[in-house]
Amino acid sequence: MIKPQLDIPLLTKQFNETLILAILVDGKKHGYQLALEIEEKSGGLFRFNHGTLYPILHRLEKEKLIRGAWKQEGPKRQRKYYTLTSAGKKYLAVHVAQWREFFTQFFNIAGVIEG
Amino acid sequence: MNRFSSLLNSIHDRLHVPQPIKSRILLEIAADLQDAYDFYLERGHTEEQATQLAQERFLLDDAAIAELAAVHQPLVKRILDRFSLQMQSRWQRLILLLTLLTIVAVSGRVMLTSAFFVNSSPFVWPVWGISIAGLLLFLQKFYQLFLIKNHNLRTLRNGLGTLALLGLLSAVLGLCGYFYELLANGMRTVLPGGSLITVVCTVTDSAKQIIDIHNCYIRTSTVMMASLFVAMLIGLLWYVLMNKIAKIEMAEAQSILST
């Protein structure tokens with residue numbers, strides 16, 4: 001069993017990171033695509049202000065969990081695409097397990113109240 | 001003019017990171033903004049509505065800007081960049097250059113005399129080594145920026161950190177040499193139970209001690225002069241390069257904001 005290491009003040013940060021990394025499992029995407037897919041797949045529940053997306057993306061890139069690469073699209077347009085690195089995949093696996101554990105514990109309590 | 005220029009300009013003004021990184025961030029946001037704009041147009045919005053909706057989704061508040069800056073900028077680099085950007089007016093630059101040139105010329109004259117080297121501290125030689133390394137690095141960057149005009153943003157700032165570090169190293173070596181000389185002389189001069197200060201402050205009864213203290217002063221002076229001279233010279237060279245690079249980067253940023 002994975003020992004829970006979730007720090008409450010870091011929940012939002014880790015939540016956003018996990019969402020971004022999970023979306024990148026399907027392949028390379030640019031920032032706008034990422035935000036749009038997260039929004040669509042969550043039925044509009046997780047709606048990113050794109051402004052908050054860039055600090056997270058750039059931090060993940062600095063930590064080598066994702067890799068950014070520029071691609072020329074048309075004569076005047078350059079796009080930055082992000083891909084998941086092997087370190088990112090490992091990080092994602094650990095965090096998904098932690099979130100699962102977190103929600104299991106949450107529903108252990110919330111489920112009792114509900115029942 | 002870019003339809004998102006007001007938003008991009010606002011990010012440009014508030015985001016304090018080195019210009020190449022800033023340009024890349026703006027380029028990334030500009031491309032995503034365009035996608036968002038196209039998305040809203042496809043949904044039947046007018047051009048004005050699409051522009052406004054896209055901009056609303058990409059608002060970077062001060063917290064996001066600060067986080068972005070923190071990701072890209074170590075504290076030391078932020079201070080150095082701010083210093084070079086603050087010295088932007090012609091008069092400020094001229095005064096700074098004149099002050100530094102005067103100090104370099106005056107101390108350089110003293111250091112070029114042979115007497116300076118006769119009794120200098122051994123710490124002076126690594127300081128000269130640093131000065132040669134700094135000069136070579138400056139010449140290489142000068143060749144890149146001014147002669148062959150290779151203004152590739154990715155390599156523009158390469159070597160600048162090393163140059164600043166060499167200046168700092170020279171000053172640190174000078175301080176180490178200064179205290180080493182004081183300590184070494186103190187060991188020779190101070191009697192058991194005494195202190196270096198009492199030896200310096202009282203008239204000693206030994207001519208040899210006076211000569212030792214005199215030599216100690218010369219050695220500490222030489223090492224401090226040489227190290228500060230080299231640190232200032234390197235600082236001056238760094239500043240010249242930094243200004244040139246800032247100009248190139250500003251031109252690049254303007255071209256991103258206007259396309």
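In what order do the 3 strands of the open sheet in chain A lie?

## The sheet of chain A

In this predicted model, the strands of the open sheet in chain A are arranged in the order β1-β3-β2, and their pairing is antiparallel. The edges of the sheet are formed by β1 (29-30) and β2 (66-72) of chain A, each of which pairs on one side only.

The link between β1(A) and β3(A), which run antiparallel, consists of 2 bridges. Within this part of the sheet, Lys29(A) has Tyr82(A), a residue of β3(A), as its bridge partner.

## The helices of chain B

Chain B contains 11 helices and 0 strands, so that its pattern, read along the sequence, is α-α-α-α-α-α-α-α-α-α-α. Chain B has 259 residues, of which 28% count as buried.

## Where the two chains meet

Contacts between the chains involve 17 residues of chain A and 19 residues of chain B. On the side of chain A that touches chain B, at least two residues come from each of α2 (31-41), α3 (50-62) and β3 (78-84) of chain A, and α3(A) gives the most, with 8 residues.

Sorted by class, this side of chain A is made up of 3 nonpolar, 8 polar and 6 charged residues. The strand β3 (78-84) of chain A therefore has a place in both parts of this description, since β3 supplies residues to the side that touches chain B and also lies between β1 and β2 in the order of the sheet.

Notes: Residues numbered from 1 in each chain as written. Chains lettered and ligands numbered in written order. Predicted model: local features only at pLDDT ≥ 70, side-chain atom pairs only at ≥ 80, totals over all residues. Contact = placed C-beta atoms within 7 Å. Helix = DSSP H or I, 4+ residues; strand = E, 2+ residues; numbered from the N terminus. Nonpolar A, V, L, I, M, F, W, Y, C, P; charged D, E, K, R; others polar. Buried ≥ 20, exposed ≤ 12 C-beta atoms within 10 Å, placed from the backbone. Pairing = 2+ DSSP bridges.
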